[in-house]
Amino acid sequence: MDDDECKIKDKKGGNMKKCFVLVVCLLVTVGLFGFEKGTKSLGGSISLSSYKSSSESQAWNSFAIGPEFSYFVTKYLCLDVSPGLGIGWGESVETSTGVSIDLGFRYFFKNIYAGASYEYAKSGPKGKKGSAQSMALKLGYMFEIAKNIYLDSGIVYSHGLGNIK
């Protein structure tokens with residue numbers, strides 16, 4: 001892909017010099033299609049991270065993927081389902097895998113939305129899996145990048161429910 005293919009024209013004719021792929025790598029959600037009743041959309045996130053709790057500690061690495069499928073039941077209300085899959089590993093710890101399912105809704109006013117979701121997750125090393133539940137509140141704005149392609153920027157507040165088992 002050459003530099004000209006990476007440029008996206010804005011409404012004033014200027015150029016944004018960052019490739020769309022870079023945006024996806026920065027963990028954003030892209031929604032496809034419009035906001036009319038019966039519309040389906042596809043989005044999601046992919047993350048790869050590595051961190052240390054101190055300079056002397058070993059790194060903990062993780063990879064996660066979470067597609068999101070939405071269906072507009074009315075012009076302003078969509079139902080969301082997002083299955084998730086992840087893996088975590090480190091040098092002297094057992095590899096940990098996880099799966100989750102997130103069910104929710106979003107209510108739209110033009111490109112602004114508010115919503116909520118419920119998530120159930122199960123994770124841990126083989127034979128030692130634990131489970132957790134959480135609720136999340138969402139507030140965001142969908143930037144139109146091109147016809148029927150949107151960049152979802154938002155804030156999510158998540159709160160655990162009950163004890164982690």
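# Why do we call it that?

Student: Why is asparagine 148 called partly exposed?

Tutor: Look at its relative accessible area, which is 33%. Buried means under 20% relative accessible area, exposed means over 50%, and partly exposed is in between (1.4 Å probe, protein chains only). At 33%, asparagine 148 falls in between, so it counts as partly exposed.
Before we go on, this is a predicted model: local features need pLDDT of at least 70, side-chain atom pairs count only at pLDDT 80 or more, and totals for chains, interfaces and linings use all residues. Residues are numbered from 1 along each chain as its sequence is written, and side-chain values use heavy atoms, with hydrogens and water left out.

Student: Where does asparagine 148 sit, and what makes its phi worth a look?

Tutor: Asparagine 148 is in the loop between strand 9 (130-146) and strand 10 (149-161). Strands (E, at least two residues) and helices (H or I, at least four) are DSSP runs, numbered from the N terminus. The phi of asparagine 148 is positive, about 65°, though this residue is not a glycine.

Student: What about lysine 110: buried or exposed?

Tutor: Exposed, because its relative accessibility is 63%, and that is over the 50% cut-off. Lysine 110 also has a positive phi, about 55°, without being a glycine. You'll find lysine 110 in the loop between strand 7 (96-109) and strand 8 (112-125).

Student: How do you know how far to trust the coordinates of the chain?

Tutor: Check the pLDDT, the predictor's confidence in each residue, from 0 to 100. The chain has a mean of 79, and 78% of its residues reach 70 or more. Over residues 1-34, though, the pLDDT is below 50. That stretch still has 54 contacts in the model beyond near neighbours in sequence, where contact means heavy atoms within 4.5 Å. Where pLDDT is low, the predicted coordinates should not be read in detail.

Student: What makes glycine 140 buried, and what does it touch?

Tutor: Glycine 140 has a relative accessibility of 10%, so it passes the buried test. This glycine is in strand 9. Beyond four places in sequence, glycine 140 touches Asn111, Ile112, Tyr113, Ser153 and Gly154. Glycine 140 and alanine 114 are 26 residues apart in sequence, with their C-alpha atoms 6.6 Å apart.

Student: What makes a group of residues a nonpolar core?

Tutor: The members are buried Ala, Val, Leu, Ile, Met, Phe, Trp, Tyr and Cys residues joined through side-chain atoms within 4.5 Å. Here the largest such core has 6 residues: Phe72, Cys78, Phe108, Tyr113, Met142 and Tyr150. One of them, cysteine 78, has contacts beyond four places in sequence that include Phe72 and Phe108.

Student: Which residues lie nearest the centre of the largest pocket?

Tutor: Ser45, Gly66, Ser82, Asp102 and Glu119, out of 40 lining residues. On a 1 Å grid over the protein atoms alone, a pocket is an open set of points where a 1.4 Å probe fits, with protein on both sides within 12 Å along at least five of seven lines; lining residues have an atom within 4 Å of a point. Strand 6 (77-90) gives the largest share of the lining, 8 residues.

Student: How many helices and strands are there in the chain?

Tutor: There are 2 helices and 10 strands. Read along the sequence, they follow the pattern α-β-β-α-β-β-β-β-β-β-β-β. Of the 165 residues, 27% count as buried.
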